[in-house]
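Student: Could you take me through the pockets of this model, and then the aromatic rings? I would enjoy a close look.

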Amino acid sequence: MDDQIESLLGKKLPVLDHGFVRLIDFMGSDEFVANCTRLESDELDRFSNEERIDWCFRTSNLSPLEQACVVFQIRLPIYVMGQLVRHRTAKLNSFSARYAKVNHQFHELDIKDLRMQGDLNKQVGQGSLEGDFAKNCVKSIQEASEQGYRRYLSLMEMGLCREQARIILPQNAYTTIFWKMDLRNLFHFLRLRLGKDAQKEIQFFSQQIAYCVTCLFPICWKSFQDNHLKKVHFTLSELKLLAIFKNCLICSYSNSA
């Protein structure tokens, strides 16, 4: 096993204040993925591993990538976990607050982390919230976290079961999951969650996940970057405008000649 990969296995990669991404296990390699392309076409036998993998991404024939998979342990706030659960192609095992008491760990934002509501994209924040409003927001979040946890403990002290006492815990409470996904769907996840319009907090976790993928599958990662992550898409109307612009350039060049 490569020294870099061996040192990465089991290592906590910190995210936010109490979160982390930890590579637990994986199956496959660039060579393994490249060998899986042999079933797709006999002509690929004469190509290098890099060329075979690039062929997969260029032709969107991504089945060979499904044969490799990665397992992570991730500690993250509950409200961020929803961004992972959305990807139903993953196998997910989560900490159960029915069987164990929730630890006193909450994601509490610093003033520099506060964002205003976006104007164009209603799903994301933009810019920075500053001044007294920002200070009051930070204070309010801290008070709600402390109050929620105290009431959670109080309910259990009064005899209420854990599975019902947990309902008052804030969304910024941390939980831990094991998260397994094949390489094809993991790249799809990264394409979405590394995007500029993704929630900032999930971007931070995705960056650490992406770092692990670059170490495990460097050839696949490079081809993914070239063909998918940095790929530009055009609508039909945009293509028509580009065609008009191209014709104008040709006419302008012909007239000047």
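Tutor: Happy to! Let's begin with the second largest pocket, whose lining divides into nine nonpolar residues, three polar and one charged. Please keep in mind that this is a predicted model. The second largest pocket holds about 230 Å³ of space, and 13 residues line it. Nearest its centre lie Ile78, Ala97, Arg166, Leu169 and Thr175. Two elements, helix H4 (78-85) and strand S7 (174-182), each supply at least two residues of this lining.

Now set the largest pocket beside it. Here the space comes to about 430 Å³, and the lining is made up of 21 residues. Around the centre of the largest pocket, the nearest residues are Asp113, Arg115, Gly125, Gln199 and Glu201. Strand S5 (116-117), strand S6 (125-126) and helix H8 (200-216) are the elements that give two or more residues to this lining. Helix H8 gives the most, with three residues.

Next, the rings. The model has nine aromatic pairs. One of them joins Phe72 and Trp179, with 6.4 Å from centre to centre and 35° between the planes, a tilted arrangement. This pair links distant parts of the chain, since Phe72 belongs to strand S3 (residues 69-77) and Trp179 to strand S7, 107 residues apart. Strand S7 is also one of the elements that line the second largest pocket. Are Phe72 and Trp179 buried or exposed? Both Phe72 and Trp179 are buried.

Another pair brings together Tyr149 and Tyr152: the ring centres are 5.7 Å apart and the planes meet at 40°, so this pair is tilted. Tyr149 and Tyr152 sit in helix H5 (residues 131-157), three residues apart, which is about one turn of the helix. Tyr149 is buried, as is Tyr152.

Ring pairs also build a cluster, linking Phe57, Phe187, Trp221 and Phe224. To finish, look for a charge over a ring: the charged end of Lys12 sits over the ring of Phe20, 4.7 Å from the centre of that ring.

Technical notes
Residues numbered from 1 in each chain as written. Predicted model: local features only at pLDDT ≥ 70, side-chain atom pairs only at ≥ 80, totals over all residues. Heavy atoms only, no water. 1 Å grid on protein atoms, 1.4 Å probe; cavity = no way out; pocket = protein on both sides within 12 Å on 5 of 7 lines; lining within 4 Å. Points joined across faces, edges and corners; volume = space filled by probe spheres on them. Helix = DSSP H or I, 4+ residues; strand = E, 2+ residues; numbered from the N terminus. Nonpolar A, V, L, I, M, F, W, Y, C, P; charged D, E, K, R; others polar. Phe/Tyr/Trp six-rings, centres within 6.5 Å; stacked < 30°, edge-to-face > 60°. Buried < 20%, exposed > 50% of the residue type's maximum accessible area, 1.4 Å probe, protein only. Lys NZ or Arg CZ within 6 Å of the ring centre and 35° of its normal.
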